[in-house]
Amino acid sequence: MTAVESSSSSGAGGRPLYKPRPSGLKRWAEPSATLALFIFLGLSAVYPLLDWTQVFPHDTDFGKGNLAFVFAYTVAAMGFNLLVGYSGQLGLAIAGLFALGGYGTGVLFEDGVPFFAAFFIIAAVAAIIGVIFAFPAARLKGFFLAIATLAFGELIVKLIELDDEVAGWLDTGGGTGKTLELFRLGGGTNTRTVFWMSYGALVFTYICFVILSRGRLGRTLKSVRDIEIATGPIGISSTRYKLIAFGLSAFTASMGGALFAQNATFINPGTFKTRLLVFLLVILIIGGVSRLWGPLIGAFFFVYIREKLQDVEELRILMFGIALMLAVLMLPGGFASLPSRLRESRYIQDLRKRMRALL
């Protein structure tokens, strides 16, 4: 008896406990679509595929830089999605860990550490910090967890903001900010380097996210989120899996921050305060919590609106607020849930029946 058959037989009324994997050619539909999307995103920096948006033109540093921002935000939001969407832990320290990645990688690189070594060292440090902090935080729930993690993220930013006279050894530039030493690959421009690094990080994070979220880890995190009280009696340590979720989320937040900082070239603590947390929540909620493509869709939406309304700050914030309210009220699954909602709508189902009758 296969796993699917077993799950089918154990479900209530013969209904499978989880969606069975498609068979035949259908099993290749999703990998093929994913590959096509990544090829499209890579080619959009070479050919005018997204020039019609006027925000991502392929032949300017402006367009490549905006795409790199989309990829960096997506990388950070994927880990955030794993923590909030899959494990149900409202951890809000992501802005501080994003700042740690940006500043930490930049400082180590200036001190002579190879860029990629600095990139992964700081991401590992962020993951360790995330796990250590998660030990006490895992005992908290809901509002209390949100406040504790938000304060922890603010603490990281406050440490970065300390004046040189107090913490000069950090070499963060204090509250005035820091101009970063830029990394370039093969003599190319910084923007081109950042674009391809961000693209590579996006592909790497996506593959890891799919493997983790669709394997035992993903299923266990969902059980911790939905039926935590039942996990103990069946031998699942919910605390252990919460620590893993916090650690992975911190790792990707640091990666996203490092890529963001190299793209921005100049960073200051104000960039990483509560406003960044709100922006990442906008990306996650509008794109779709617990949805594989939610972070990427949300990041495209966020960067597009940010650039289109860059001259009218108040209107931009208003647009994000309205979009957030509409998403919560009318589209809880975000833009990523639109295809499934359309497929399940009564109008589409009636249309299908009529088409079948005609054929």
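Colleague: Why is Asn190 called buried?

Modeller: Buried means under 20% relative accessible area, exposed means over 50%, and partly exposed is in between, computed with a 1.4 Å probe on protein chains only. Asn190 has a relative accessible area of 8%, so the word buried applies. This is a predicted model, in which local features need pLDDT of at least 70, side-chain atom pairs count only at pLDDT 80 or more, and totals for chains, interfaces and linings use all residues. Residues are numbered from 1 along each chain as its sequence is written, and side-chain values use heavy atoms, with hydrogens and water left out.

Colleague: Where is Asn190, and what does Asn190 touch?

Modeller: Asn190 belongs to helix 8, residues 190-213. Helices (H or I, at least four residues) and strands (E, at least two) are DSSP runs, numbered from the N terminus. Contact means heavy atoms within 4.5 Å. Not counting residues up to four places away in sequence, Asn190 touches Leu182, Phe183, Arg184, Gln262 and Thr265.

Colleague: What makes Thr265 partly exposed?

Modeller: Thr265 has 27% relative accessibility, so it counts as partly exposed. Its place is the loop between helix 10 (238-264) and strand 2 (266-267).

Colleague: What is the phi of Thr265?

Modeller: Thr265 has a positive phi of about 70 degrees although it is not a glycine. Most residues other than glycine have a negative phi. Gln54 is another residue other than glycine with a positive phi, near 65 degrees. Gln54 lies in the loop between helix 2 (29-43) and helix 3.

Colleague: Is Gln54 buried or exposed?

Modeller: Gln54 is at 57% relative accessibility, so it counts as exposed.

Colleague: Where does helix 3 bend, and by how much?

Modeller: Helix 3 bends by about 30 degrees at Phe80. The bend at a residue is the angle between axes fitted to the seven residues ending there and the seven starting there.

Colleague: How do the axes of helix 4 and helix 6 lie to each other?

Modeller: The axes of helix 4 (residues 94-110) and helix 6 (residues 142-161) come within 7 Å and cross at roughly 35 degrees. Contact between them is made by Gly96, Leu97, Ala99, Leu100 and Tyr103 of helix 4 with Gly153, Ile156, Val157 and Ile160 of helix 6. These residues divide into seven nonpolar, two polar and no charged. Axes are lines fitted to C-alpha atoms, for helices over the stretch in contact, and angles run from 0 to 180 degrees between N-to-C directions.

Colleague: What makes a residue of this contact nonpolar or polar?

Modeller: Ala, Val, Leu, Ile, Met, Phe, Trp, Tyr, Cys and Pro count as nonpolar, Asp, Glu, Lys and Arg as charged, and the others, Gly among them, as polar.

Colleague: Why is Ser254 called buried?

Modeller: Ser254, in helix 10, is at 0% relative accessibility and therefore counts as buried. Leaving aside neighbours within four places in sequence, Ser254 is in contact with Leu97, Gly101, Ile122, Ala123 and Ala126.

Colleague: Why is Ser337 called buried?

Modeller: Ser337 has a relative accessible area of 1%, so it is buried. Ser337 is found in the loop between helix 13 (313-330) and helix 14 (338-344). It touches Arg291 and Leu331, not counting residues up to four places away in sequence.

Colleague: What is the average pLDDT of the chain?

Modeller: pLDDT is the predictor's confidence in each residue, from 0 to 100. The chain averages 85, and 91% of the residues score at least 70. Over residues 1-13 the pLDDT is below 50.
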